[in-house]
Amino acid sequence: MDTGLKVAFLYPGQGTQRPGMLHDLPGRPAVTATLAEAEHLLPGSSRQDGARALRSTVTTQTALCIAGVAATRALADEGGTPDAVAGHSVGAFPAAVAAGALTFGEALEAVRLRGELMLDAYPSGYGMAAVLGLGVPQVRRVVEMITTVNDPAYVAVVDTDQQVVVSGSLRALERLTSASERAGARRVQRLDIGVPSHCPLLAGVADALAAHLGTVPRRRLAVPYLSGATGRLLHDADAVLDDLARSIAGTLRWRDAIALLGELGTTLFVQAPPGHVLARMARAAHPRARVLALADTDVAETATYIRRDRGRGGSDGDR
């Protein structure tokens, strides 16, 4: 199937943050302007990317939103715009800005609220862990076996067929590690996330965020937005804003989202900073597509690839 969605921008979520991530953004006028705007809208936000600051889920989520918007604007200045956007967890907010559902200011305010609500609900004792080397049904069986009323665990994110993230109490995650290894997992890796995202434990947070986003004006989207929660393309602002709120309390189906982009004819995937996690997943799922990460690719060069792929449909294997 080829729908003309040649170029997809991908925005990473929490767990990809690293010290200096904002200071290391490309030295472009659009980036400088975005950091200045962030500082005006949320004083201190453009400078809080040190190791200590990023221990806070609020600061981390805000920094990821800023990085995604800055990268999008830098590419746009060079004529590099997407045909569709997708964000992993909190990366959905800069994706929504790129799609036209939110302004930068609205996104920053919502992300800050999201982080504060999550931290207030679970200030300690909870987290997330990635199970590598087991399929989704196997992980679900392990989770059912180790979860209890007092120490719950949930399948939170399906990144790939062999990478599944679990949210829950730290005690449940400890049991997850040993039980997964007995089931044949290659590794269980604790993520740098101190809250149990994408599970029913955050239903109250989803309700509060939905109420907040209900006050945002509805706008016509510039490009389709791919929901990580449903793995489907969304074409109107109501659906996008609902997805931004509700996805925090449900399983994230990133595997399905990336698969759909390939089915729709995507030939170029571009990951916004920081890191390369989503780029690696896209490359594994679609080895014939071109996959770039702005963490290690020049903005002007990336924009050139974007314009070429949109014009001719991409070049197999040229990554």
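Student: In E6, which residue is the bridge partner of Val131?
Tutor: The model is predicted: local features need pLDDT of at least 70, side-chain atom pairs count only at pLDDT 80 or more, and totals for chains, interfaces and linings use all residues. Residues are numbered from 1 along each chain as its sequence is written, and side-chain values use heavy atoms, with hydrogens and water left out. Strands (E, at least two residues) and helices (H or I, at least four) are DSSP runs numbered from the N terminus. In E6, the bridge partner of Val131 is Val188.

Student: Over how many bridges do E3 and E6 pair?
Tutor: Two strands pair if DSSP finds at least two bridges between them. Strand E3 covers residues 126-132 and pairs with E6 in the antiparallel sense. The number of bridges in this pairing is four.

Student: What is the order of the strands in the open sheet?
Tutor: Strands of a sheet pair through backbone hydrogen bonds, either parallel or antiparallel. This open sheet has four strands, and the pairing is antiparallel. The order is E4-E5-E3-E6.

Student: Which are the edge strands?
Tutor: An edge strand here pairs on one side only. That applies to the strand at 153-160 and to the strand at 187-190. From one strand to the next, the twist averages 25°. The edge strands are E4 and E6.

Student: What angle does the direction of helix H6 make with that of E5?
Tutor: Helix H6 (residues 170-182) packs on the sheet and touches E3, E4, E5 (163-169) and E6, where contact means heavy atoms within 4.5 Å. Axes are lines fitted to C-alpha atoms, for helices over the stretch in contact, and angles between N-to-C directions run from 0 to 180 degrees. The direction of H6 makes with that of E5 an angle of about 145°.

Student: Which element gives the largest share of the lining of the largest pocket?
Tutor: A pocket is an open set of points on a 1 Å grid over the protein atoms alone, with protein on both sides within 12 Å along at least five of seven lines; a cavity is a set where a 1.4 Å probe fits but cannot get out, and lining residues have an atom within 4 Å of a point. The largest pocket holds about 640 Å³ of space, and of its 33 lining residues the closest to the centre are Asp159, Gln163, Leu191, Val277 and Met281. E3, E4, E5, E6 and the helix at 277-285 each supply at least two lining residues. The largest share, four residues, comes from H10.

Student: Is Leu278 buried or exposed?
Tutor: Leu278 lies in helix H10. Leaving aside residues up to four places away in sequence, Leu278 touches Leu10, Tyr11, Pro12, His88, Trp254 and Gln271. The relative accessible area of Leu278 is 2%, and under 20% counts as buried, over 50% as exposed and in between as partly exposed (1.4 Å probe, protein chains only). Leu278 is therefore buried.

Student: Which element gives the most to the lining of the second largest cavity?
Tutor: Among the lining residues of this cavity are Leu10, Tyr11 and Gln271, which also touch Leu278. Strand E1 (7-11), the helix at 57-77 and strand E9 (268-271) each supply at least two lining residues. With four residues, the element that gives the most is H2.

Student: Where is Pro274 found?
Tutor: The peptide bond from Pro273 to Pro274 is cis, with omega near 0°. Most peptide bonds are trans. Pro274 is found in the loop between E9 and H10.

Student: What is the phi of Ser89 near?
Tutor: Ser89 sits in the loop between strand E2 (84-87) and helix H3 (92-99), and is one of the residues lining the largest cavity. Ser89 is buried because its relative accessible area is 12%. Most residues other than glycine have a negative phi. The phi of Ser89 is positive, near 60°.

Student: What is the relative accessible area of His198?
Tutor: His198 is in the loop between E6 and helix H7 (203-213), with a positive phi near 55°. His198 is among the residues that line the largest cavity. His198 is buried, and its relative accessible area is 1%.

Key:
Points joined across faces, edges and corners; volume = space filled by probe spheres on them.
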